[in-house]
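Hello,

Here is the structure we talked about handing over. My notes follow below it.

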Number of protein chains: 2
Amino acid sequence: MQSLRVDLGLRSHEVHVGAGLLDELGATVRRAGLGGIGAALITDTNVARHYATRAVESLKRANFAPTVIEIAPGEASKSLATLATVYDRMTAAEIDRAGVVIALGGGVVGDLAGFAAATYLRGIAVVQVPTTVVAQVDSALGGKTGVNHPRAKNLIGAFHQPRAIVADVATLATLPEREYREGFAEVIKYGAIMDAAMISDLERDLDRIAGRDAAILEAVVARSLMHKAAIVAADERETGIRKILNFGHTLGHALEASAGYGRYLHGEAVAIGMAAAAALSEQRAGLDGREAARLVRLIERAGLPTAMPPEAFRDADFISALRLDKKRADGGIEFVLLDHLGHALTRKLGVSEILSSFA
Amino acid sequence: MQSLRVDLGLRSHEVHVGAGLLDELGATVRRAGLGGIGAALITDTNVARHYATRAVESLKRANFAPTVIEIAPGEASKSLATLATVYDRMTAAEIDRAGVVIALGGGVVGDLAGFAAATYLRGIAVVQVPTTVVAQVDSALGGKTGVNHPRAKNLIGAFHQPRAIVADVATLATLPEREYREGFAEVIKYGAIMDAAMISDLERDLDRIAGRDAAILEAVVARSLMHKAAIVAADERETGIRKILNFGHTLGHALEASAGYGRYLHGEAVAIGMAAAAALSEQRAGLDGREAARLVRLIERAGLPTAMPPEAFRDADFISALRLDKKRADGGIEFVLLDHLGHALTRKLGVSEILSSFA
């Protein structure tokens, strides 16, 4: 097991990464300082089938009285409608201010459950227990929570830091192949924006990663989280450096929104967005063409798509989603580019500038 | 005009109280440091009829491009359903992170608009422009925002401090008599919990207050806000001293919830709750019976109800609402009592203890 601390002042918390941590969940939640009885274990029906019982048993051993709240799997559950049913269940269980939300699942569960915790009784504790690669290496850390609006992903949300993160890499064993692969878009992203040596290591280790080797997964997840923790500690509210974590995400989000949530997995859209951002980086930030090609090749080897559908750039929904991008303010988008593999910067670009680059 | 500062570190902000401030709204919002263009003016149809045009014109003079979002008046609008329509309108207007929400109205508008601001794009600025007594002396200050759940008032919410508060006491002139009166429950509360001299002054000034004299209103609203600002600055998240502001509210909220939102106005329920809390204070905190009677008499003279319906204490919904009280943790309710008129304390009481006191 590896543990690290996310340094956020009063909101500082521990992150634990390793195989089999699910069975220690209750004790870990207690060690995080949570002394109540009520626990809303929010999960989806797929994850519940594999892991809810173990999580519940562990929580009971630590004297919690858990209530399991299952949602349907998939991005469509990240909605105000599902949120309303979660509030209903939490009130029916009489979860009080001393209670805790346990978010057991992927990014959808983590974002929805985190937002429910952020807004229930004006905010109660949440412990993130991510069970997908995307959630373990990215979305569980950093406090971003929320649900989608039909017009824009994550439009409704709040910052709400977890009290602990428990990333059990053994839970990745049951992920369907496509969901497993998409997570490596975020892993590759950390290499692209801040750790060139990580790109080399990923090139070397890709086969062991594909085999879901627990030791390599612990190392890769912990290294990713170490990078994200450093960025989030430096800029919790994303007013500066944290923006570089959006590499590949501006176009990726617009693609997800315009294609209809669910056609692309988040990581697939980000993979496409990173490949497009690499091309834009050659034009706008002096990224060497061979480095751009090397990045695109790694994304492909990880089994992820890299081609932006050419018609996207003429699609009204795509353009509209880009215009509503959360990173937008005062008319420009803070677009993340690479000047070298392993180093990112941001440039304020107009929507039309971005579109014309791909015309 | 009187101005005061709420000292909340990075979230510190100004509060302005006076007659006619609405026409300076745009300039005041600019002085609060808001540099964007987009402005969502959220209000209800009653308030809009009297004041939306003046607010819009003032915002335009300060180079904002305001979008007016009208909701139906009344507590029923403090719902997830209304919130969803507000998000729709804000996204349609392409309000971005530099945008501001202007909450023009009473407590319902302030709470709903504040929560929309708290959760739109993970939080944008809000300026509170309260137009009722309750909102001016209480709910606009302190950052509490949220909507109701069918099972409990304000169950869904967040802390989100405004960037400024503009309390134009001239807007109180158009309040219906009942809505005007209810606000003085909160005013009397400040006297009861922390300012015995204010009780005497209110006893003296009640006739001028009833006549809606602008000078006396400016003084009363500013004095109330000064007290609330001091409490909120000392305990922003209500982990300690801020709890005394809930005097009269524990039973008041349960009464509102069980009677169906809307039967009692908030201030009326609080008035009843304060009278009941005064009786409980005699039993549990040594409050002198004459002081309790004096408080009840002042509440009555202000035109507010003081009698708890006797059947409430046997009502399953009332008891259930009490059990779900937000101040509850670990099985007890932090109940606010008076030991003297002008001084409050909290005692942890079980639900059954509270109920048996009134049996």
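**Fold of chain A**

In this predicted model, 75% of the contacts in chain A with a separation of 6 or more are between residues 24 or more positions apart. Chain A has 13 helices and twelve strands. Its C-alpha atoms fill a box of roughly 60 × 40 × 35 Å along the principal axes. The radius of gyration of chain A is 20 Å, which agrees with the value near 21 Å that a compact globule of 359 residues would have. Of the 359 residues in chain A, 54% are buried.

**Domains**

Chain A is divided into two parts: domain 1 covers 2-174, and domain 2 covers 177-213 + 236-357. The C-alpha centres of these domains of chain A lie 27 Å apart. Where they meet, 19 residues of domain 1 of chain A are in contact with 20 residues of domain 2 of chain A. On the domain 1 side, the elements giving two or more residues are α5 (133-139) and β8 (152-159) of chain A. The residues on that side of domain 1 divide into nine nonpolar, six polar and four charged.

**Helix α9**

Is helix α9 of chain A largely enclosed by the rest of the structure, or exposed? Nine of the eleven residues of α9(A) (residues 249-259) are buried, so this helix is largely enclosed by the rest of the structure. A residue is taken as buried if 20 or more other C-beta atoms lie within 10 Å of its own. The buried residues of α9(A) are A:His249, A:Thr250, A:Leu251, A:Gly252, A:His253, A:Ala254, A:Leu255, A:Glu256 and A:Ala257. They pack against β8, α10 (266-285), α12 (316-323) and β11 (332-340) of chain A.

**A:Leu21**

A:Leu21 is found in the loop between β2 (13-18) and α1 (25-31) of chain A. With 19 C-beta neighbours inside 10 Å, A:Leu21 counts as partly exposed. Leaving out residues up to four places away in sequence, A:Leu21 touches A:Met1, A:His16, A:Val166 and A:Asp168. A:Leu21 and A:Thr171 are 150 residues apart in sequence, yet their C-alpha atoms are 9.4 Å apart in space.

**Chains A and B**

How many residues of chain A are in contact with chain B? There are 31 of them, in contact with 30 residues of chain B. The elements of chain A that each supply at least two residues to this side are α3 (80-92), α4 (107-119), β7 (144-149), β8 and β10 (328-329). The largest share, six residues, comes from β8(A). By residue type, the side of chain A that touches chain B divides into 14 nonpolar, seven polar and ten charged.

A rotation of 180° with 0.0 Å of shift along its axis superposes chain A on chain B, with an RMSD of 0.0 Å. That is the relation of a two-fold axis. In chain A, the C-alpha nearest the axis belongs to A:Leu80, 3.9 Å from it. The same surface serves both copies, as 97% of the contact residues of chain A recur in chain B.

The buried residues of α9(A) pack against elements including β8(A). Towards chain B, β8(A) gives six residues, the largest share of that side of chain A.

Regards

Technical notes: Residues are numbered from 1 along each chain as its sequence is written. Chains are lettered from A and ligands numbered from 1 in the order in which they are written. This is a predicted model: local features need pLDDT of at least 70, side-chain atom pairs count only at pLDDT 80 or more; totals for chains, interfaces and linings use all residues. Helices (H or I, at least four residues) and strands (E, at least two) are DSSP runs, numbered from the N terminus. A residue is buried if 20 or more other C-beta atoms lie within 10 Å of its own, exposed if 12 or fewer, and partly exposed in between; C-beta atoms are placed from the backbone. Two residues are in contact if their C-beta atoms, placed from the backbone, lie within 7 Å. Domain bounds come from an automatic or database domain assignment. Ala, Val, Leu, Ile, Met, Phe, Trp, Tyr, Cys and Pro count as nonpolar, Asp, Glu, Lys and Arg as charged, and the others, Gly among them, as polar. Copies are superposed by least squares on the C-alpha atoms of residues with pLDDT of at least 70 in both. The radius of gyration is taken over C-alpha atoms; the globule rule is 2.2 Å times the number of residues to the power 0.38.
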